[in-house]
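Me: I have just opened this entry and would like to go through it with you. Could we take it piece by piece?

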Amino acid sequence: MRSHGVVESTDGLPRRAEAVRSTNFVFPNDTNHHGTMFGGRVLQLMDQTGAIAAARFAHTTVVTAAMEAVSFQQPIREGEIIETVARVVYTGRTSMIVRVDVFADHQLTGERKRATTGYLTMVALDAAGKPMPVPRLLIETEEERADYEAAEQVRLAARRRTED
Ligand SMILES: CC(C)(COP(=O)(O)OP(=O)(O)OC[C@H]1O[C@@H](n2cnc3c(N)ncnc32)[C@H](O)[C@@H]1OP(=O)(O)O)[C@@H](O)C(=O)NCCC(=O)NCCS
């Protein structure tokens with residue numbers, strides 16, 4: 001239940017994560033001198049869409065703790081239409097990992113390519129700005145299981161790096 005932006009209680013049941021999608025044109029001011037999109041602008045859209053996915057899942061405000069395994073696989077060109085798709089794929093105690101994929105569509109041909117993928121750790125915050133527990137993630141499909149396991153590997157790899 002939610003009141004005044006604060007989660008008062010949860011039913012304790014695992015919760016299904018819905019995908020959040022945002023669509024944008026790539027304008028000249030989004031690009032570098034190669035005519036391709038700035039990585040920082042791509043990260044901004046990923047962060048924004050990922051935060052919405054996490055906030056909707058947990059019904060709290062969230063903050064980005066980490067961006068892991070971000071891979072810019074294909075350049076995104078001026079004039080293309082990009083779709084940013086974010087979904088919570090893993091939950092810890094107070095943190096969630098959101099997988100974010102950015103697809104770029106050619107305006108004329110409609111051809112679609114996956115351009116960027118990344119895993120964002122979002123932490124749920126209470127009204128005092130302290131980390132608070134999130135609902136457990138409901139896993140129903142093979143794809144969701146594979147996404148969960150991939151995110152778990154990302155989390156373990158990040159932990160190993162910070163311990164070194
Ligand atoms: C993220 C933040 C709230 C964590 O606070 P904290 O006091 O370290 O909290 P905790 O140690 O209790 O960790 C809370 C959760 O965050 C995770 N976490 C904390 N730092 C992390 C990091 N750098 N990378 C990945 N996960 C992290 C912990 O593993 C824990 O997850 P769990 O509860 O699911 O096991 C705090 O570090 C912060 O405010 N960072 C700045 C965030 C920010 O400004 N982001 C950019 C703008 S949005």
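Me: Which residue takes a positive phi in the hairpin of β6 and β7?
Reply: G110 does, with a phi near 75°. The hairpin has six residues between its strands. Strands here are DSSP runs of E with at least two residues, and helices are runs of H or I with at least four, both numbered from the N terminus. This is a predicted model, in which local features need pLDDT of at least 70 and side-chain atom pairs count only at pLDDT 80 or more, while totals for chains, interfaces and linings use all residues. Residues are numbered from 1 along each chain as its sequence is written.

Me: In what sense do β6 and β7 pair?
Reply: They pair in the antiparallel sense over 11 bridges; strands count as paired if DSSP finds at least two bridges between them. Within this pairing, D101 stands opposite T117 in β7.

Me: Changing topic, which residues surround the ligand?
Reply: Among them are V63, T64, A65, A66, R93, T121 and V123, where being near means a C-beta atom, placed from the backbone, within 6 Å of the molecule. The largest share of this shell, four residues, comes from β4 (61–72).

Me: Which residues touch the most other members of the largest nonpolar core?
Reply: A54, V88, M96, I97 and V98 do, in a core of 34 residues. Such a core is a set of buried Ala, Val, Leu, Ile, Met, Phe, Trp, Tyr and Cys residues joined through C-beta atoms within 7 Å. The largest share, seven residues, comes from α1.

Me: Is A128 buried or exposed?
Reply: A128 is exposed, because 7 other C-beta atoms lie within 10 Å. The cut-offs are 20 or more such atoms for buried, 12 or fewer for exposed, and partly exposed in between, with C-beta atoms placed from the backbone. A128 is found in the loop between β7 and α2.

Me: What pLDDT does the protein average?
Reply: The average is 92, and 93% of the residues score at least 70; pLDDT is the predictor's confidence in each residue, from 0 to 100. Over residues 1–9, however, the pLDDT is below 50. Where pLDDT is low, the predicted coordinates should not be read in detail.

How values were computed
Contact = placed C-beta atoms within 7 Å.
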